[in-house]
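Look at the structure first, then read on.

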Amino acid sequence: MAERTRPGERQPSLADVAGLAGVSHMTVSRVVNESGPVHPDTRARVLAAVQKLGYRPNSAARTLVTGRSGTLGVVALESNLYGPASTLYGIENAAREAGYGVAICSVSRPGRSSIGDAVENLRRQAVEGIVVIAPHVTAGRALAAAPADIPVVAVGGGEGAPVPVISVDQYDGARRATEHLLALGHQTVWHLAGPEDWLEARDRERGWRETLERHDLRVPDVVRGDWSPRSGYDAGRALAGVRGLGAVFSANDQMALGLLRAFTEAGLRVPADVQVAGFDDVPEAAYFSPPLTTVRQDFIEVGRRTFGLLETRMAGGEIGARHLVPAELIVRESTGPR
């Protein structure tokens, strides 16, 4: 039996359904909007959660009264990585608070055709505006084909994107982490970078590199990972043999977790022998051993500003091309006193 929502209580959200069913936001959206394939067992679990919570999309009633769907579309990469998933949650949260539903169309490969197909899928659902989460270089290029007759904004997308873009200031976050490590007395900082085709990885690498160059310090060769703890572990095993290794800035916290394990296995103490900083501030970062110094991204603020930009566009207003949300350095024991 569905739970009744009392007057004044917050209506159940798509995120609530996802949490109860133990699936992603995108899976719930596929089931509710019948917008993609879902395993029958998973579909049944989602529908059971919908029934239990009494979740009801309100777009149909809004459309009858106002001629508007009350629904926004989001094109998102199929990913369980912390950054993209948290960005999606921030957008959905902001839209829900403003009374909008969200239809999510996920893509497995961020190419021009797949993103174009996703946009067309959302248009058929009569969404009022579309957000494209575009963390890849190819996804940013695909924005060139964004339709002109529906408001579109992007999260990520890179400089020069043909639609308004909002993102966390990745460059400044990397600069802050690098400056912090240099202030502890290191003569240089090594960098464990993310995949080259990710715009955020490029911005973080550039922030690290240009900070060292401004200080006239040696810029070590970049070590490349794939965002996973395993790639961080492999990189850590290689870096553990570097003579005079003092500090490493990892492009995300999951790779930093792999670094910490590899250094421990190699007999290197963190922070006494080598100091490590990450990026993202995943919920587990404060419980790493040692707790991880990292750069926090405010995904709720990203969602709020993204919705604000889209709302302005839907109202016919003009907005700037690029909008940055500040990053925050969170100092913990992984860069403590040596």
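**Cavities and a pocket**

The lining of the largest cavity is made up of 9 nonpolar, 8 polar and 3 charged residues. This is a predicted model.

**The largest cavity**

- The structure has 3 cavities of 30 Å³ or more.
- The largest cavity has a volume of about 230 Å³.
- It is lined by 20 residues, and the closest to its centre are Val-155, Gly-156, Ser-167, Gln-170 and Glu-200.
- Three strands each supply at least two lining residues: strand 3 (130-134), strand 4 (152-156) and strand 5 (165-168).
- Helix 5, helix 9 and helix 12 (299-314) also supply at least two residues each to the lining of this cavity.

**The second largest pocket**

- The second largest pocket has a volume of about 210 Å³.
- Its lining counts 16 residues, and Leu-81, Tyr-82, Gly-83, Asn-252 and Asp-280 are the closest to its centre.
- Helix 5 (82-97), helix 9 (199-214) and helix 11 (253-265) are the elements that give two or more residues to this lining.
- Helix 5 gives the most, with 3 residues.
- By class, the lining of the second largest pocket holds 7 nonpolar, 5 polar and 4 charged residues.

Definitions and conventions
Residues numbered from 1 in each chain as written. Predicted model: local features only at pLDDT ≥ 70, side-chain atom pairs only at ≥ 80, totals over all residues. Heavy atoms only, no water. 1 Å grid on protein atoms, 1.4 Å probe; cavity = no way out; pocket = protein on both sides within 12 Å on 5 of 7 lines; lining within 4 Å. Points joined across faces, edges and corners; volume = space filled by probe spheres on them. Helix = DSSP H or I, 4+ residues; strand = E, 2+ residues; numbered from the N terminus. Nonpolar A, V, L, I, M, F, W, Y, C, P; charged D, E, K, R; others polar.
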